[in-house]
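Subject: Handing over the structure

Hello,

I am passing this structure on to you, and I hope you enjoy looking through it. Below you will find the structure itself, followed by some notes on what turned up in it.

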Amino acid sequence: MKFNKIILPAIVCALALSSCEDNKMEWGKPDGYGDVNISDIPLELQEKIANYDVIKAYAAQYLPGQTIGLGLGADLYLENEAYRQVADDNFQMFTTGNAMKHESVVTNKGELNFDKIDAFLAAIPTDIPVYGHNFLWHTQQRQQYLKSLIAPEMKVETGDDEKCENVITNSGFENGNTGWIFNGSGYKGTIVDEGYASAHALQCTMTETSTGNYDSQLFWNLPSALEQGETYYLAFAAKSDPAINVQVIGQNQADYGIAIYKETFTMTDSWKLYEYELTFEDNKVIDKIGLQFGGTPNSILYLDDFKFGKKIEKQPDKMVNIILGDNSNFEGGTLGNWNSWGDNSPTREISIEGEGFNSKYCLILDNPIDGDDYYKAQACFQFDNFLEAGKTYILQFDAKASVDGNSVQFAAQNASTYQGEGHKSYNLTTVWQTIEHEYTCTKEDINCILINFGKYTGKYYIDNVKFGEKIEAPTAKSLTRSGGISYIIKPIEEKRAALLGAMETWIKGMAEHEGMERVVAWDVINEPISDNNQWRGVNGNFSSEDATPTEDETTGLNLNWANGHFYWGYYLDKEYAVKAFEYARKYTKEGTKLFVNDYNLEINPNKLQALIDMVKYIDENNENRQPIVDGIGTQMHLIAKSITKEQIDAMFQTLAATGKLIRVTELDVRLEENKTPTADDLMLQADIYRWVFESYKQYIPAEQQSGITIWDITDDTSWYKEYSPCIFDANLTRKPAYKGVCDGIAGRDISEDFTGDDWKAGK
């Protein structure tokens, strides 16, 4: 008896296809693991397997409405001819394992590199579409770029001009030593190009004679003497080698004996900013200010950014403002996100240029008739999140009215139920004034504020609107401190805007790139539900290897996340999922199917339900309040020794009930029982592949069937290679699992149709 046994050359693999689970296996197969011994399979079965047609031939015959896909490595496909040929011959659609992921395409500068994608799209047959994998995930994200968008801004601290009326006209030694008075024989002063916050600095080199602190002094003559009872602000940047002490002193220009001696600072070997507040209480005429720093022979001191003057009492911020940009000052000439309505048919418009309060534009609210209450005309600003019950908030805005004595009212309420609180009215005049209202939220569902203006006919001019959580004023105290490099943590809204902008740019760039019209579907969000059945990233829900991010003034942003990990939901909450689908729908070509995709759904019914609930949330909370998620993807990385047909059936029945398209996105079956699979192991694996296809066809209605994708071709190239999960062995020889797939597609044992003619040589 002769048969047509398919024998193809072995693959030399350079890149493994990465999985989509949290714990990806490293490349490299342990000795003695996963060696499939085809010779253990009965000869008759080998002959049958060899005479099966290619998979897509059966798919076209028995499942014309589906596509049977392959998850593959783009590098393998491009570099290995045998691998490429098997992929082209057997499958109807391709999913790249890594090539289309964020980390593979986005650079550390946020640019998109399409070289690998372009090469792949150019190489695959023109009749094979692509399934996009993926837009957002919690791993394989370009962490360095995303981190840079939200990281605190590094600031080199300098003497704050807003803290004093600085009288030092050559603070940074940019004009050499002009204006500075060198006193004492214990040092030499030289201007050097080693500035702190500017190009230059003063280098003071102490001599052998600098034995007392008064041997090395530097002064600036003040335009007038210090005033008794006044507080002055002094700042300077310095470093020294070795560490020396620097003391603040004041003197009389005519009589050196009249002096004051104040704070002493100890220098370090790196630049720092030193600040000091001096309240002058002495009964002396002090009209020059400076430093003395002698006493350490052969030391070197560097000075820069010296400022001094009367302290300016700066009012601290009263709130963390969350109304930003045009929504606050209307300077873009737009209404921002302000809306208006009411029984009085009010209108809102942007003023003509120059009508704003010390600015170009303002918001004009026009109430055409008197009403019996303020709410007859309302202007509303809605927040993305609810205010926090128990917290105190402050509203500030500048306002005037066209009619002297007209008034407006503040209110806070829920945007859907219109239940509100915090009502307070304010009289206006025809002259601009600043209105400030302090409001303590008592309800759990407040998400908008109102300026009600419906009681009196007239126009109301509104500008510079600010609203946010109240900041308790700090206790007043004297300032004596040293600093240097500091970090300014960005407000939550700024981080949100930056990440949403990056998300939109990424999705738009991918979707609209030339050649991507071949992508017929996308995993918009991959693995959004953790194994604890919660939204991944939201409310600090991370993988076990990751910790909550920390932000502080010394280290900036520390994500504490593994390389490539980035949890969009941590910064954007559930909005990240909604926005991802909105952007995907906006930029992908018409007809593209949009999926969520996750793993272990067949063995974790609670996780499956959490994913379904997430889909419902996205459908109900997008901007159009219409279903926007087309389908749900179930990965199905199965373990042969533990998976049951009942589990598979139950999952498909639950998925079918959603009414969504259902796709098996990453099917493979691991053999974890034995180091070297036996014939029985291989037959069990074949049965499980067949179960998946049969169950899918039985329980997923035809109109919801998107198809099934098998995750990689050969055991040697699989992400779980040591467990022989694929339908071809390392030599690209068909395993019994190949027969299981084909029989599952057909719904019967195809080999029962074979006749004696099928075994003829050369057939």
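A disulfide here is a pair of cysteine sulfur atoms within 2.5 Å. In general terms, it is a covalent bond between the sulfur atoms of two cysteines. With that rule, the search of the whole structure gives zero disulfides.

Before going further, please keep in mind that this is a predicted model, in which local features need pLDDT of at least 70 and side-chain atom pairs count only at pLDDT 80 or more, while totals for chains, interfaces and linings use all residues. Residues are numbered from 1 along each chain as its sequence is written, and side-chain values use heavy atoms, with hydrogens and water left out.

Cys-204 is buried, because its relative accessibility is 0%. Cys-441 is buried too, at 1%.

Next, the aromatic rings. Rings of Phe, Tyr and Trp (its six-membered ring) pair if their centres lie within 6.5 Å; planes under 30 degrees apart are stacked, those over 60 are edge-to-face, and the rest are tilted. Counted this way, there are 43 aromatic pairs. One of them joins Trp-561 and Tyr-567 edge-to-face, with 4.9 Å from centre to centre and 70° between the planes. Trp-561 is buried, since its relative accessibility is 8%, and Tyr-567 is buried at 1%. Trp-719 and Tyr-720 make a tilted pair, with centres 4.0 Å apart and planes at 40°. Both Trp-719 and Tyr-720 are buried.

Lys-607 lies over the face of Tyr-599, 3.5 Å from the ring centre.

Finally, the salt bridges. I count one where a side-chain nitrogen of Lys or Arg is within 4 Å of a carboxyl oxygen of Asp or Glu. How many salt bridges does a search of the whole structure find? The total is 32.

Among them is the one between Lys-318 and Glu-436, at 3.1 Å from N to O. This pair links distant parts of the chain, 118 residues apart: Lys-318 is in the loop between strand E14 (300-310) and strand E15 (319-321), and Glu-436 is in strand E23 (residues 433-440). Helices (H or I, at least four residues) and strands (E, at least two) are DSSP runs, numbered from the N terminus. Lys-318 is partly exposed at 39%, and Glu-436 is partly exposed at 33%.

Glu-504 and Lys-586 form another salt bridge, their closest N and O atoms being 3.6 Å apart. Here helix H9 (residues 492-512) holds Glu-504 and helix H11 (residues 575-587) holds Lys-586, 82 residues apart. Glu-504 is partly exposed at 21%, whereas Lys-586 is exposed at 57%.

Arg-670 and Glu-672 meet at 2.8 Å, N to O, in a salt bridge; Arg-670 is buried at 5%, while Glu-672 is partly exposed at 23%. There is also a network of salt bridges linking Asp-384, Glu-493, Arg-496 and Glu-575.

Best wishes

Conventions. Buried means under 20% relative accessible area, exposed over 50%, partly exposed in between (1.4 Å probe, protein chains only). A charge sits over a ring if NZ of Lys or CZ of Arg is within 6 Å of the ring centre and within 35 degrees of the ring normal.
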